[in-house]
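Subject: Structure handover

Dear colleague,

Here is the structure I promised to pass on to you, with the sequence alongside. My notes on what I found in it follow below.

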Amino acid sequence: MTQIIDGKQISKELKDELKEKVTAYRAQGIEITLAVIQVGNDKASSVYVGNKKKACEYIGIHSLSYELEEHTTEDELLDLIRRLNGDDKVNGILVQLPLPKHINEDKVIETIDAKKDVDGFHPMSVGALSIGKKGFISCTPYGIIELLKRSGTDIEGKECVVIGRSNIVGKPMSMLLLRENATVTVAHSHTKNLKEVAKRADILIVAVGKPLFINHEYVKEGAIVIDVGIHRDENNKLCGDVDYEDVFPHVSAITPVPGGVGPMTIAMLMKNCVNAVEIQK
Ligand code: NAP
């Protein structure tokens, strides 16, 4: 029978564990603070920021909110980040992406102190991950490892195929799977014979950014499929990069959309905020 990997339930368990940890820190006089910066009022970004603030509230993390005008200059944003870098009370800094076109995202990411980089996007965080050092890990792939482990999947020695090589999902995902001793293949838009490559996977991670792109022809019988994609279909219903109905009868486990990878991303952001206390020691 196919197991549905319940990201909603697993993220709830994780948030409850974090809440206990935060309470224990409080008892030692340690308060965790996350600064959240949004530039402009993109609707989707406002929803993400709102959900992050709600998660902070649930866990007991203090959140500081900076809602900047769309026309904020790059220098003004960088000045705010530098101020927050220097504020000992702030443990984590998050700048909601995407930013307006006149602001250089790389520059913004690189200005955040690597010790406060709770999104795990700073080159120092990425470098630390690739050489197995302590540091912040990009929340979505970090959440996928948690999903696999907590749903009873042994990653060690497995053939894993990651479709997609973005800096925030595909690349850190492959590093994390390597760290778990999997054999990892990363596929991308130049990969030849994608169906054959994907069919090698015991664990197939799909972060291709194309709705319903993966059907059963890409999937080995009994594989585990993790769908990172989020889209709206023609009926405004959420769907993933994987054609869930088509793939479902062929796999041993699969994440749904919604309710799979999505809820884990915010839970792992909260975990990074809690980890910040250790990283900053
Ligand atoms: P992205 O930056 O657009 O990257 C897509 C990747 O897929 C690229 O590496 C691209 O290859 C590859 N690709 C595109 N077409 C392909 C094809 N025909 N065959 C093989 N590979 C192909 O996307 P992303 O930021 O990684 O996000 C992927 C999906 O996950 C999106 O739907 C996004 O909305 C979703 N997402 C969800 C969460 C969450 O919390 N659930 C978080 C982040 C992202 P090239 O590098 O060669 O161009």
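A residue is called exposed here when its relative accessible area is over 50%, and buried when that area is under 20%. Please bear in mind throughout that this is a predicted model.

By that rule glycine 86 counts as exposed, because its relative accessibility is 58%. Glycine 86 is found in the loop that runs between helix H3 (74-85) and strand S4 (92-95), and its C-alpha atom is separated by 8.9 Å from that of aspartate 113, a residue 27 positions away along the chain.

Proline 263, by contrast, lies 147 residues from lysine 116 in sequence and 22 Å from it in space, taken from C-alpha to C-alpha.

Turning to the fold as a whole, the protein has 10 helices and 11 strands. Its radius of gyration is 19 Å, which agrees with the value near 19 Å that a compact globule of 281 residues would have, and its C-alpha atoms fill a box of roughly 55 × 45 × 40 Å along the principal axes. Of the 281 residues, 48% count as buried, and among contacts with a separation of 6 or more, 70% are between residues 24 or more positions apart. The accessible surface comes to about 14,000 Å², and 50% of it belongs to carbon and sulfur atoms. As for charge, there are 35 positive and 40 negative side chains, and the centres of these two sets lie 3 Å apart.

The sheet deserves a separate paragraph. Six strands form an open sheet with parallel pairing, in the order S1-S11-S8-S7-S5-S6. Strand S1 (3-4) and strand S6 (183-187) stand at the edges with a single partner strand each, so one side of each is left without a neighbour in the sheet.

Within the sheet, strand S7 (residues 203-206) is joined to strand S8 (residues 224-227) by 4 bridges, and these two strands run parallel. Isoleucine 203 stands opposite isoleucine 224 in S8, leucine 204 stands opposite valine 225, and valine 206 has aspartate 227 as its bridge partner. Strand S5 (residues 159-163) also pairs with S7 in the parallel sense, over 4 bridges, and there isoleucine 163 has valine 206 as its partner. S8 in turn pairs with strand S11 (residues 253-254) over 2 parallel bridges, where the partner of valine 225 is isoleucine 254.

In a regular strand the side chains alternate between the two faces of the sheet. Both faces of S7 are covered, with Ile203 and Ile205 buried on one side and Leu204 and Val206 buried on the other. The faces of S8 are covered as well, with Ile224 and Ile226 buried on one side, and Val225 together with the acidic residue Asp227 buried on the other.

Conventions
Residues numbered from 1 in each chain as written. Predicted model: local features only at pLDDT ≥ 70, side-chain atom pairs only at ≥ 80, totals over all residues. Heavy atoms only, no water. Rg over C-alpha atoms; globule rule 2.2 N^0.38 Å. Buried < 20%, exposed > 50% of the residue type's maximum accessible area, 1.4 Å probe, protein only. Contact = heavy atoms within 4.5 Å. Areas by Shrake-Rupley, 256 points an atom, 1.4 Å probe, with all protein chains shown as cover. Charge placed at Lys NZ, Arg CZ, Asp CG, Glu CD. Pairing = 2+ DSSP bridges.
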